[in-house]
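Please open the structure in your viewer and keep the selection tool at hand. The stops below say what to select and what is there.

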Amino acid sequence: MLRNFFIGTLLGLAGAAAALYGYNVNQVREVSIVEVIPDGGNRESFHINIPMDRIMIGAPGQTGTLPAGLDWPVDEILANVRAEMFKIRNARDTVIGVAVRAAAKGGDEDIIEWVLHLPARGSVLVSMEAAPREGGYRLGEIRAGSREFSPLHGFMTERWVANNSEDEDAPSGHIELMASYVGEHQLSDDEEPIQ
Amino acid sequence: MKFVIALVLGIITGAAIFAAGIIYNPFTAHRGLSPLLVTDAEVITLNFSNVPAESIVYTNNGESLQQSPLARALRIWKAPIRSTSAPHPAKVLQLWEAPIRSTEALATVMRDARSQTVGIGFKFSSDSEKSRLLFGEAIADSVWYILLPGQGTFFIEQTENYWPFLREVAFPAWRSSANNWRGSWLGDMTTGPGALGTAAVSSGSGRQKGVQMNGLESLSTRAFSVDSGLVGAEGRLIIEVPETKDEWVDPVEPTDNTATP
């Protein structure tokens with residue numbers, strides 16, 4: 001009987017170790033829809049359906065708050081700050097991440113920045129131009145990225161596209177984000193940098 | 001029959017010994033002091049509340065609202081804070097879609113050392129596929145976006161290890177009859193991607209624009225509940241700021257303006 005108890009103890013140790021070793025976190029991955037562009041790099045589009053993908057609008061002096069019950073801090077330093085949080089979708093209209101858009105006026109420069117967070121891939125920071133360009137879009141530069149995005153540079157545009165559909169459940173429009181990635185060229189051992 | 005009972009009791013004993021070994025393994029104890037805590041360089045220190053109910057917005061998959069106590073206890077191993085905290089405000093959109101189900105989003109006020117509001121911070125945090133509980137690694141991949149009006153913005157990329165928190169706060173709370181923990185726990189959450197266990201900090205705008213920096217997030221906990229998550233806690237972000245760019249002189253191509261002899 002003692003031998004059985006001893007064997008059981010070993011089995012318990014081994015089983016628990018195997019169970020914990022086999023335990024993995026697996027992020028759900030949507031296949032990236034990336035387009036190769038002729039002059040180098042890749043292009044990927046995201047969009048945000050308004051109002052259903054909006055998590056938060058934070059701005060001073062709002063009449064209605066989103067979400068209901070939001071208590072935006074009343075402080076002079078945040079007087080010119082507007083921040084929004086969204087879910088973001090890929091070209092197949094599947095939610096693949098979350099994002100924040102922040103805008104601040106004052107000081108030396110006006111700030112408009114996006115941070116996109118795609119759990120299975122990484123995150124990216126984009127600084128946008130303060131003024132929109134002809135055609136209603138705003139251009140921005142990728143400033144930093146994490147994991148999959150860390151070696152990438154490039155640009156992103158944002159544009160509001162109103163919805164012309166008469167469907168009652170249709171969104172009022174969507175924010176279109178078009179990212180163009182360019183990888184950093186890695187020098188091989190026998191290659192010398194161009195001066 | 002008694003042989004089968006002995007075998008089953010042995011298996012239970014073995015599993016219990018293994019669990020105790022994992023939880024009390026001295027080799028997965030707290031890391032030492034972070035280099036950023038003893039740096040001579042200028043640092044920016046930002047304090048914030050880590051309690052969801054004290055944040056501007058906190059949202060996750062909302063499972064804590066529905067799951068049973070047993071399911072919550074099991075999930076606590078995976079995401080000690082996310083599994084237990086309810087979204088705030090109550091009617092905020094929840095992150096229930098499969099690709100963002102293991103993600104949490106936080107918006108909070110950032111304060112300086114004198115408790116003055118200096119800006120606003122957003123944190124996105126997701127369970128990491130690098131987690132290996134067997135080796136004491138309950139990892140989350142997270143990013144901070146911090147907007148400090150008049151100073152600029154910071155993007156902080158980090159991996160966090162929740163294992164010390166799990167071991168020293170969440171597990172004792174789960175074990176207690178009241179399902180909560182009170183005390184004083186202070187730990188550095190950041191474990192990478194920097195070689196010295198620091199976060200990678202970039203700036204999109206402002207005085208530090210384009211500068212690469214190091215950062216550290218720490219968590220100070222006073223109360224934790226298995227049912228509602230963090231009850232009393234404060235977070236701190238430390239960003240090491242390098243010398244001002246204006247003072248930098250290219251050592252390779254000295255110009256007439258340099259002080260190089």
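How many residues does the contact take from chain A, and how many from chain B? The model is a predicted one, and in it the contact takes 64 residues from chain A and 59 residues from chain B. Colour the two chains separately before going on.

**Stop 1: the chain A side of the contact**

Select the elements of chain A that each give two or more residues to the side touching chain B: α1, β3 (54-58), β4 (81-89), β5 (95-104), β6 (111-118), β7 (122-128) and β8 (137-145). The largest share of that side comes from α1(A), with 15 residues.

**Stop 2: helix α1 of chain A**

Now select residues 2-22 of chain A, which form helix α1. This helix has 21 residues, and from its first C-alpha to its last it reaches 30 Å, close to the 30 Å expected at 1.5 Å a residue.

Within α1(A), show A:Gly8, A:Thr9, A:Gly12 and A:Ala16, which are buried. These residues lie on the same side of α1(A), because they cover an arc of only 105° around the axis. Then turn to the other side of α1(A), where A:Arg3, A:Leu10, A:Ala18, A:Tyr21 and A:Gly22 are exposed.

**Stop 3**

The crossing in which α1(A) passes α1(B) is right-handed.

**Stop 4: B:Thr153**

Move to strand β6 of chain B, residues 152-161, and pick B:Thr153. Is B:Thr153 buried or exposed? B:Thr153 is buried, because 25 other C-beta atoms lie within 10 Å.

**Stop 5: A:Gly135**

Finish in chain A, in the loop between β7 and β8, where A:Gly135 is found. A:Gly135 counts as exposed, because it has 7 C-beta neighbours inside 10 Å. For a distance across the chain, select A:Gln27 as well: the C-alpha atoms of A:Gly135 and A:Gln27 are separated by 38 Å, and the two residues are 108 residues apart along the chain.

Terms used. Residues are numbered from 1 along each chain as its sequence is written. Chains are lettered from A and ligands numbered from 1 in the order in which they are written. This is a predicted model: local features need pLDDT of at least 70, side-chain atom pairs count only at pLDDT 80 or more; totals for chains, interfaces and linings use all residues. Helices (H or I, at least four residues) and strands (E, at least two) are DSSP runs, numbered from the N terminus. The expected span of a helix is 1.5 Å times one less than its number of residues. A residue is buried if 20 or more other C-beta atoms lie within 10 Å of its own, exposed if 12 or fewer, and partly exposed in between; C-beta atoms are placed from the backbone. The arc is that of the directions from the helix axis to the C-beta atoms. A crossing is left-handed if the near helix is turned anticlockwise from the far one by less than a right angle, and right-handed if clockwise. Two residues are in contact if their C-beta atoms, placed from the backbone, lie within 7 Å.
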